There are 4 protein chains.
Amino acid sequence: MTKIKIAYIGGGSKQWARTFMTDLALSSDLGGEIGLYDIDLPMAYLNKEIGERINQNSSTKSRFNYVVYEKLNDVLKNADFVIISILPATFKEMASDVHTPEKYGIYQSVGDTAGPGGILRAMRTVPIYEEFARSIKEICPDAWVINFTNPMSICVKTLYDVFPGIKAFGCCHEVFHAQEFLCLVLRETRGIDIHRKDIYTDASGINHFTWITEARYKDYDLLALIPEFMEKYYEEGYYEYFDRFQFKYDCFAYGNKVKMNLYSRYKALAAAGDRHLVEFVNPNWYLKNPQMVKDWKFNLTTVDFRIKQQEERIAESKLLASGKKAIELVPSGEEATDLLKAILGHQTIISNINLPNTGQMPDLPMGSIVETNCIFTNNQVKPIVAKPLPKAVLNMVYRANNNIETCYLGIKNRDLDVIFASFMNQALCSNLTLDDGLKLFKEMISNTRKYLDAYFPNLDEYLNK
Amino acid sequence: MTKIKIAYIGGGSKQWARTFMTDLALSSDLGGEIGLYDIDLPMAYLNKEIGERINQNSSTKSRFNYVVYEKLNDVLKNADFVIISILPATFKEMASDVHTPEKYGIYQSVGDTAGPGGILRAMRTVPIYEEFARSIKEICPDAWVINFTNPMSICVKTLYDVFPGIKAFGCCHEVFHAQEFLCLVLRETRGIDIHRKDIYTDASGINHFTWITEARYKDYDLLALIPEFMEKYYEEGYYEYFDRFQFKYDCFAYGNKVKMNLYSRYKALAAAGDRHLVEFVNPNWYLKNPQMVKDWKFNLTTVDFRIKQQEERIAESKLLASGKKAIELVPSGEEATDLLKAILGHQTIISNINLPNTGQMPDLPMGSIVETNCIFTNNQVKPIVAKPLPKAVLNMVYRANNNIETCYLGIKNRDLDVIFASFMNQALCSNLTLDDGLKLFKEMISNTRKYLDAYFPNLDEYLNK
Amino acid sequence: MTKIKIAYIGGGSKQWARTFMTDLALSSDLGGEIGLYDIDLPMAYLNKEIGERINQNSSTKSRFNYVVYEKLNDVLKNADFVIISILPATFKEMASDVHTPEKYGIYQSVGDTAGPGGILRAMRTVPIYEEFARSIKEICPDAWVINFTNPMSICVKTLYDVFPGIKAFGCCHEVFHAQEFLCLVLRETRGIDIHRKDIYTDASGINHFTWITEARYKDYDLLALIPEFMEKYYEEGYYEYFDRFQFKYDCFAYGNKVKMNLYSRYKALAAAGDRHLVEFVNPNWYLKNPQMVKDWKFNLTTVDFRIKQQEERIAESKLLASGKKAIELVPSGEEATDLLKAILGHQTIISNINLPNTGQMPDLPMGSIVETNCIFTNNQVKPIVAKPLPKAVLNMVYRANNNIETCYLGIKNRDLDVIFASFMNQALCSNLTLDDGLKLFKEMISNTRKYLDAYFPNLDEYLNK
Amino acid sequence: MTKIKIAYIGGGSKQWARTFMTDLALSSDLGGEIGLYDIDLPMAYLNKEIGERINQNSSTKSRFNYVVYEKLNDVLKNADFVIISILPATFKEMASDVHTPEKYGIYQSVGDTAGPGGILRAMRTVPIYEEFARSIKEICPDAWVINFTNPMSICVKTLYDVFPGIKAFGCCHEVFHAQEFLCLVLRETRGIDIHRKDIYTDASGINHFTWITEARYKDYDLLALIPEFMEKYYEEGYYEYFDRFQFKYDCFAYGNKVKMNLYSRYKALAAAGDRHLVEFVNPNWYLKNPQMVKDWKFNLTTVDFRIKQQEERIAESKLLASGKKAIELVPSGEEATDLLKAILGHQTIISNINLPNTGQMPDLPMGSIVETNCIFTNNQVKPIVAKPLPKAVLNMVYRANNNIETCYLGIKNRDLDVIFASFMNQALCSNLTLDDGLKLFKEMISNTRKYLDAYFPNLDEYLNK
């Protein structure tokens, strides 16, 4: 058994923490401590109680001590792994991120990565990550740091820019969905049933806008099967899990119609949920208005919905913590635990993660945060060189990546003009006039000032000019 | 006196040929032959007659033999220089390029470089340039080739891709305007009167979307003076020649208001006429509709206007050729003749031109056609490494450049899907839905099929699918 | 069972063919045909007979049809895999390669990759590979091509330069030895016994001059253990198999003393046999004369020895073919069969191979043939981005790589001056004066003209000038 | 008249200061102050007196105040230009640099840039430059800094590494000699007499190992004339000034025979004095022993000679300062004053200088200090993209450049092992065994410890291990 300390920043998380604790519990050969740190202390304690319930479960293979820490530096002390999964600010701010732009005709299906919502969220998040990076550098410079927070790329960028020696990467499950989709393509066209881990896909790009340029299962070129699949399913859509029409009632589901349309145009498969993809391309293609969203078989996620979902999760957490509801230990399908075990030397696996570009995507600038396949093994994480993207796809990816880098530069230097340059060049802002753009930007800043004033001392001046 | 042969492809040109012949006539120490080749043979003969009138003029310092050739390979034989300045197809096709998109809400102020017009024009032009490149390779591989035809970048790209050993570059005077503008900024803010050749500007980007990142006259940092200049002139505009309100009645003039607005946002000076610049950025910024165009103090150039202008020029050519109108020999302000003399070793000069990237803009891919300063001297043309563009500007330039490369790839491989990918990613096409985009593309193809069928054998299939 | 056709060029091979046939026989789930092609036809027939004996063996899991082909294009027809393992020319030429330089004070421990021997061998080999590449392009462009011939890098370079779409890579087992060495380091310092496949090493460089920059087994940083290991074993040496003093009587064995010395100087582990390593560095370090060779605990391999070894192998082949000697089926430890199965989708493995640089070593030019880890999976081979080499090591690797590229350019253009520039810049030629260098080069050409005249028509002129 | 303050670090210089003061005096339109700073204060005062004599001279066009400063920060205050031209340590240390290696068979014709002498000199110089860079950053960050000290590349590297925003470049006149040589080639083969400023040469590489890849005078390709020139002059040699046999009695002169030999091998012209060139290539080619040096028509410069020369210069300085000897004001042919005037906006000129690579030599790493042509104009210095070097030449240049970078890294981190790695990879150290190499390195350190101990605190430990 390998004994480790995992520091969990955002350890009061209502969902991810539980998923992660469950997956860890089901992994044999691990043990030690899970340190929970959260500015919402009661939620961290709740997760500790849930963790202890898990320990009592008979299916549990690995048992951890759950310890709540009130200070960042304390949770980091002696950490072998640092997990970061936070919600910067509250749903009130997220409501502004997602819904304020609607007044200006901008619809966001997610609103936490690209588009105006992504920019504002980055403005709140990057300064917090600057502090994380400084603390990790000081307290646990050798720890592996796994980020789950969005906006993913700019969070990882901040960690590396502040502490270049950090061993950090960002994890996201969106590519998995595209792999599942490819499995279904094989099943529906050739009657062969496989699991996404049976295929190798060459995925590259940036988080939530990753593209699969090659996908093979034995002799089958999976991408080449898509046109045949589309003949049957393009019109009506096909969600990759359970009910293929799930997008009709589940706002997180989608019919993969956007993905199929992009494939038919670019001959590469965009590898994230359609809800994410549409936020990186021209809004007049898929996201012009709610009717168009419906036609393309995906949904806009409202923050009201998220609030309701959150309340349910908290209620459930309380039931689980109190023992009133039994904990069901089932593997989540997420790979974080596998990656962690691979880093500990228990196995070698390949997974797509977000890392600074050191050669894996030579068409993007070195140091940009890119998402590609990587090998995880004995204390090492190595990116695999990706097949070049088609030129037209590269253009869209380059633009999105440069927007992130520009936005980061602006936040780093607390320069609102530079942030605004990135804001106006967001694909989702394409329909804005200059006047409306500035007005919207200022309105979104005003709505969320509570979480910005500490970092941007000149907001008044900017808003009034 | 250096004796040379200049092969002029497009030698029936109604304006450029005359400008060029005049400038040559005023340059001492040159002589030899100017070979005129044009598919419009009568116009080539007209220019020959004008040339001979110039020879008779008493101010003429250099006299050339004017010879009309009916075959491309004949005009190229023994050529030391090849000038290419053609109009692919007729104004009928240009009318489709410029005005068909208006039905879809796309206004183009020029319509020959970027935007839907640029794509269609490229589709007609690239195949012709493939032939030029092959002939030059065969007949006069050591000649210097100077291109003036638009779309500039893709023409130069074609020449180098077909014949990598070619000694070609593309010339454009747009940056000169921005330099003149900077001279006026100095005059209006400091009362100092200088000529554009007195200042050094670091310009880089791609043709018609070049940016000045540094500009100095002695101790003066000219870019830093712009805000002061803007206080006086931003509102009303300032055209750089003669009457500063010339944009009110001259459709080629503009108030530099777009340029000033871009400067205030990016801290770099976009170095082309505002009419060109607006075609590379979001159309909702400056080009959403005719009223917005007016507000930003520039004009849309109609093809009707061009036709009328052309007719006047032909009439004038005839008068000049026949001697009914006397030729006035004044230097044009263009630099082509100076560059030619520098290549011949008569002088060393610096000018901005379009060349494949060999290091002058390391943030763009090697081999892309970029416009930067270059040194012209004894049979050599060497690019100067440009100061990096601001990140947000680089993003827009990268996008425009990749669109050109994608478009070129599509035309080279006669692959309409790839061309359409570039079409839809044109900044000017931002407001199009996917359906409208495809409809517009097909309509523009149909309108100009006469000049496309020879090169794209599958047009019917594409249009009907 | 997957049915495949393997085309074996050099199928009369006395050793590699047998190893490969044995490994294949022991791999379940494979079948089909092994086509043997060799200019030494009787040896190909002998291998066919051995193959058929293997088929009769009871331990055999996979049975193949063995077919001898007399024409290159015939063996390539329908091939799924092409194996190339040839000896260009004969041992007579190799004797010149290896021993002629001794007259000039140059000792070569191998003489087939770097140094004067490597250059001459390349001159005979590259033109043959040009033909291979052309035939593969024509006959079986989709086949996977695995090269085993030395000089490795220049052979792979030729294949890709002539046919850029080729799916080729080069395999070499030298890195395995360094991995075994690291296992021994762990055993001798920590008492832990592991197999080389249990550790992950980050290896990069060029063939026979690859470097391990990171090596971990669970918590152990294996490179960091080397100094402790050296305290015990540096003086006397340590061969990694069986008898640690094997280098005293086996001319292929070595005491790893060179490797340890290089480690102490550069903090990275050179990952090839010491016999190979010494040919890439200054000869005055390890290879000045036979005594120094002895002091560093490795041996010079004479061609007489190789001839004798070859004769024994042929004799053994005949015994095996005739059934007079029973074939013992034991796995070789080579990875070729594993790679082949991974490509067929039976497994995913990581191994170090030689491929054009597409980002895996961004400090070397793109397109250079580099050796790094790669992933093998479903019909795909993807390089892994390597950790940067220490600057001083990079310098030596860059030099060796540029020498290969220069040599290739010279051979490609049949330009002896360029080849000679590479010859004189070989590390092993450091002690030569210019006069002696040219004399030696010419002498080595003269000795091997029989195999050069067909490709270099101007040899007389060159030798006489 | 432009009033400027020039800070001269090393202002007690016995030769350069005088040259520079003279050239300035002959440049009209300049004035202000020349601040002299030197650790040898009396020599600074002597130069001040000479300066004042120059001011009295009737040919003087520009008069400056000469002020001696005793503190570095004082001389830098308000400086517009900083000139750095120092001798680190004394001739005693230089004697060790140049002559200690002779005991080990290493002859150095200069000994201040490459080879063992260059390394030791760098070890003494870099720490001093670290201080210069810090002071400039603090006191006069906007000043232009011109370096003349050797080893040139590593001095400029230090300035930029410590203060990335510095406006520094390094000037060297060696390329001028090669240009003069080309003028002579033209004269001797075509009878045409020109000045080096009449031709354009594309020079690139690193300081003292720069290569001319293209050189034209009008229609003449000057490089192509070299073989014809060599027919006449290769055997006997040709020094480019005055007496072509000057190398027979002047130890700084040389017969350009090395240069011609290199040209015949690489088809590019090495553009520095032969004395410098030979230190960058295999010593067995041109520098194996004194006889070989003689055969190649150049000379070894002894430090005794330099001491004698120095004494004469001091004596002369005293005569000039006292007025006993009249100052003859003749332009030196050096370009520093021209560059300075170009920066002040008086003219635009092109000259070769040493700058960090930002694209001018894309085959070398970005940030390396490379010497190429640059444009000097209004407060701007811009590198020109160089033609790629022939591959075999690039290899030698890359090696030399990496050695500098490795050496710099070692000195920066005070890591003697890394410095030694660069030491052993110096071309001039090719003939050393490992034992002799280490012995020599330690001996050279011991000899010059007086100037190293302050920077390398662990010297004892290193020398004794």
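These legends describe close-up views of a predicted model.

**View 1. Helix α6 and helix α15 of chain D pack against each other.** Helix α6 of chain D covers residues 152–162, and helix α15 of chain D covers residues 391–412. Their axes lie 10 Å apart and form an angle of about 50°. Helix α6(D) is therefore oblique to α15(D). The crossing of these two helices, α6(D) and α15(D), is right-handed.

**View 2. Residues where α6(D) meets α15(D).** On the side of α6(D), the residues are D:Ser153, D:Ile154, D:Lys157 and D:Thr158. On the side of α15(D), they are D:Ile404, D:Cys407 and D:Tyr408. Sorted by class, the contact of α6(D) with α15(D) has 4 nonpolar residues, 2 polar residues and 1 charged residue.

**View 3. The contact between chain C and chain A.** Chain C gives 23 residues to this contact, and chain A gives 23 residues. On the side of chain C that touches chain A, the elements that give two or more residues are four strands of chain C: β7 (200–206), β8 (209–217), β12 (369–377) and β13 (380–383). Which classes do the residues on this side of chain C fall into? They divide into 9 nonpolar, 9 polar and 5 charged.

**View 4. Chain C superposed on chain A.** A rotation of 180° brings chain C onto chain A, with 0.0 Å of shift along the axis and an RMSD of 0.0 Å. Of the interface residues of chain C, 100% are also interface residues in chain A, so the copies meet through the same surface.

**View 5. Chain C superposed on chain D.** Chain C can be laid on chain D by a turn of 180° and a shift of 0.0 Å along the axis, with an RMSD of 0.1 Å. The two copies are thus related as by a two-fold rotation axis. The same surface serves both copies, as 100% of the contact residues of chain C recur in chain D.

**View 6. Two pairs of chains that do not touch.** Chain B does not touch chain C, and the nearest C-alpha atoms of this pair are 12 Å apart. Chain A and chain D do not touch either. For chain A and chain D, the nearest C-alpha atoms are 12 Å apart.

Definitions and conventions
Residues are numbered from 1 along each chain as its sequence is written. Chains are lettered from A and ligands numbered from 1 in the order in which they are written. This is a predicted model: local features need pLDDT of at least 70, side-chain atom pairs count only at pLDDT 80 or more; totals for chains, interfaces and linings use all residues. Two residues are in contact if their C-beta atoms, placed from the backbone, lie within 7 Å. Axes are lines fitted to C-alpha atoms, for helices over the stretch in contact, and angles run from 0 to 180 degrees between N-to-C directions. Angles under 35 degrees count as roughly parallel, over 145 as roughly antiparallel, 65 to 115 as roughly perpendicular and the rest as oblique. A crossing is left-handed if the near helix is turned anticlockwise from the far one by less than a right angle, and right-handed if clockwise. Ala, Val, Leu, Ile, Met, Phe, Trp, Tyr, Cys and Pro count as nonpolar, Asp, Glu, Lys and Arg as charged, and the others, Gly among them, as polar. Copies are superposed by least squares on the C-alpha atoms of residues with pLDDT of at least 70 in both.
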